[in-house]
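Subject: Structure for your attention, with notes

Dear colleague,

I am passing on the structure we spoke about, and my notes follow it. Please read them with the coordinates open beside you.

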Amino acid sequence: MCKLSEIETLAERNPDIPFEVIVKEDLLRRGMSWSREALAVAAEYKRKAYFIFSFDMVPISGMKQKENINAPEEARLTGGPYHFRPVVVSVRLNPDSPYRVEAGENSLVLKLAGETVSEVELQKTPEYYGKTLSNGRRINEIAPTIEWGYLIYLTAFRLCQYPAAGEGCLYCDINENYRQQKDAGRPYAPVKSVEEIMEALEVIDSADSDSKAYTVTGGSVTGTLEGKSEIDFYIRYPEAIERRWPGRWISKAALQALPKDEVKRLRDAGVQIYHPNFEIWDARLFEACCPGKARQVGRDEWIRRILDAAEVFGPENVIPNFVAGVEMAPPAGFESVDAAIASTAEGLEFFMSRGISPRFTTWCPEPLSVLGKERRGAPLEYYIRLLRVYRDTRAKYKLPAPRGYGETGLGRAVFSVSSFMDII
Ligand code: SF4
């Protein structure tokens with residue numbers, strides 16, 4: 001689907017899903033390219049920090065315009081011939097995408113195969129991004145913000161021990177992204193110390209009023225890291241932050257599904273929202289796509305731990321992520337949209353009927369991951385139907401708006417790697 005008229009036809013057939021959201025999902029699954037002039041404009045705004053994965057559809061070696069250095073973190077689509085209400089979308093680079101941002105007379109413009117879709121706004125670079133810590137590391141490397149400044153993303157460990165053991169999740173490029181960023185000269189270090197993060201937050205606390213939440217996350221620790229288990233390594237961050245600034249930000253942790261006693265420690269440290277990411281509902285595909293998690297924890301135990309966590313945090317504060325669309329990735333994935341939606345709808349029903357609301361990241365077929373080599377995302381129709389079943393299942397169980405994501409609703413939502421907040 002490469003023409004705007006084809007997107008229009010799809011939108012006409014799905015009048016309950018806003019046109020803006022359909023375009024956003026299409027951009028997330030296919031990426032966007034940038035003209036040289038548009039990139040020059042973008043370089044003056046907040047740039048991609050590569051906060052954990054690449055979230056690109058080409059490796060850095062394929063970026064002839066050095067997009068990895070100059071592309072913005074996010075774009076906000078607005079106005080234009082379709083009168084877009086603002087939608088914030090993560091910038092996933094793909095020079096081959098039919099979507100292209102160009103420099104118009106007075107603003108940046110998003111085009112699909114040469115036809116104008118909307119205007120494009122970019123976020124100003126926060127003033128603290130240019131500052132450095134006492135050890136010389138830059139704050140935007142230690143504590144970047146995403147979601148239009150709402151979320152401080154604290155990747156404490158930039159690597160994952162599953163891929164190192166040959167058991168990485170097949171859709172994930174965390175270690176490969178680390179390698180390519182280092183090779184390209186980005187000042188990545190595997191671990192951010194508690195002291196570095198605290199120093200960065202000290203600056204952000206005094207200079208910023210946009211950030212309302214932070215997430216502590218990083219790769220899985222399957223053995224030990226600096227002599228510590230996963231919980232012992234990661235818990236030090238929220239403990240220190242909440243001791244210094246109790247409740248200043250909504251505190252979130254995205255870690256593996258941990259045993260109940262460890263989850264209680266997270267809560268007692270001041271974490272408010274827990275993301276024990278489930279990634280993919282189907283049992284066969286969970287085993288195939290997450291071999292490390294399947295071996296070390298196991299799908300049934302992972303589910304049990306999510307339910308245990310709901311008792312500890314309250315179900316509305318347990319938000320497992322799904323990688324939306326990866327269940328259609330060849331060779332093992334579902335071949336039909338019907339089958340994929342039926343499977344994931346079953347997972348939504350399971351969790352939502354218990355008061356737990358998963359969320360989505362639209363799958364980015366990253367070429368440095370095992371499943372992303374063909375750079376072929378799930379069909380756009382899948383995403384439209386997924387958003388519908390997500391919205392309707394939430395409504396069926398009268399679930400409250402997810403905390404820690406900012407406002408809901410088209411024109412207000414800031415979550416940029418899927419549209420789940422735009423449609424509720
Ligand atoms: S657990 Fe899987 S998804 Fe998470 S960082 Fe490791 S390989 Fe990637």
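In which sense do S5 and S6 pair, and over how many bridges? S5 and S6 pair in the antiparallel sense, over 5 bridges, where two strands are said to pair if DSSP finds at least two bridges between them.

Before the rest, two remarks on conventions. Residues are numbered from 1 along each chain as its sequence is written. This is a predicted model, in which local features need pLDDT of at least 70 and side-chain atom pairs count only at pLDDT 80 or more, while totals for chains, interfaces and linings use all residues. Helices (H or I, at least four residues) and strands (E, at least two) are DSSP runs, numbered from the N terminus.

The mixed sheet

An open sheet is formed by 6 strands in the order S1-S4-S5-S6-S2-S3, and its pairing is mixed. The edge strands, each pairing on one side only, are S1 (33–34) and S3 (84–90). Helix H2 (residues 19–30) packs on this sheet, where it touches S2 (74–79), S3, S4 and S6 (115–121), and its direction makes about 20° with that of S3; contact here is between residues whose C-beta atoms, placed from the backbone, lie within 7 Å, and axes are lines fitted to C-alpha atoms, for helices over the stretch in contact, with angles running from 0 to 180 degrees between N-to-C directions.

Within the sheet, S4 (residues 99–103) and S5 (residues 108–112) pair in the antiparallel sense over 5 bridges, with Leu-108 of S5 as the bridge partner of Ala-103, and a hairpin of 4 residues joins S4 to S5. Towards S6, Leu-110 stands opposite Ser-118, and in the hairpin of S5 and S6, which has 2 residues between the strands, Ala-113 takes a positive phi near 45°.

S5 is mostly covered, with 5 of its 5 residues buried; a residue is buried if 20 or more other C-beta atoms lie within 10 Å of its own, exposed if 12 or fewer, and partly exposed in between, with C-beta atoms placed from the backbone. In a regular strand the side chains alternate between the two faces of the sheet. In S5, Leu-108, Leu-110 and Leu-112 point one way and Val-109 and Lys-111 the other way, and all are buried, the lysine included.

Strand S8 and its partners

S8 (residues 151–157) is likewise mostly covered, since 7 of its 7 residues are buried. S7 (residues 145–146) runs antiparallel to S8 and is joined to it by 2 bridges, Leu-151 in S8 being the bridge partner of Ile-146. The hairpin of S7 and S8 has 4 residues between the strands, and Glu-147 takes a positive phi near 55° in it. With S9 (residues 213–218), S8 pairs in the parallel sense over 6 bridges, and Tyr-153 stands opposite Thr-215 in S9.

The ligand is surrounded by Cys-160, Tyr-162, Pro-163, Gly-168, Cys-169, Cys-172, Ile-174, Gly-219 and Ser-220, a residue being near a molecule if its C-beta atom, placed from the backbone, lies within 6 Å of it. By class, this shell has 6 nonpolar, 3 polar and no charged residues, where Ala, Val, Leu, Ile, Met, Phe, Trp, Tyr, Cys and Pro count as nonpolar, Asp, Glu, Lys and Arg as charged, and the others, Gly among them, as polar.

Ile-174 is also one of the buried residues of H7 (residues 174–183), together with Glu-176, Asn-177, Tyr-178 and Gln-180. The buried residues of H7 pack against H6 (161–164), and just after H7, Gly-185 takes a positive phi of about 95°.

A helix pair and an exposed serine

The axes of H11 (residues 260–269) and H14 (residues 299–313) come within 9 Å and cross at roughly 35°. Lys-260, Val-263, Lys-264 and Arg-267 of H11 make the contact with Asp-308, Ala-309, Val-312 and Phe-313 of H14, so that by class it has 4 nonpolar, no polar and 4 charged residues.

Finally, Ser-336 lies in the loop between S12 (321–324) and H15 (337–352), and it counts as exposed because it has 11 C-beta neighbours inside 10 Å. Ser-336 and Pro-379 are 43 residues apart in sequence and 9.6 Å apart in space, C-alpha to C-alpha.

With kind regards

Notes. Two residues are in contact if their C-beta atoms, placed from the backbone, lie within 7 Å.
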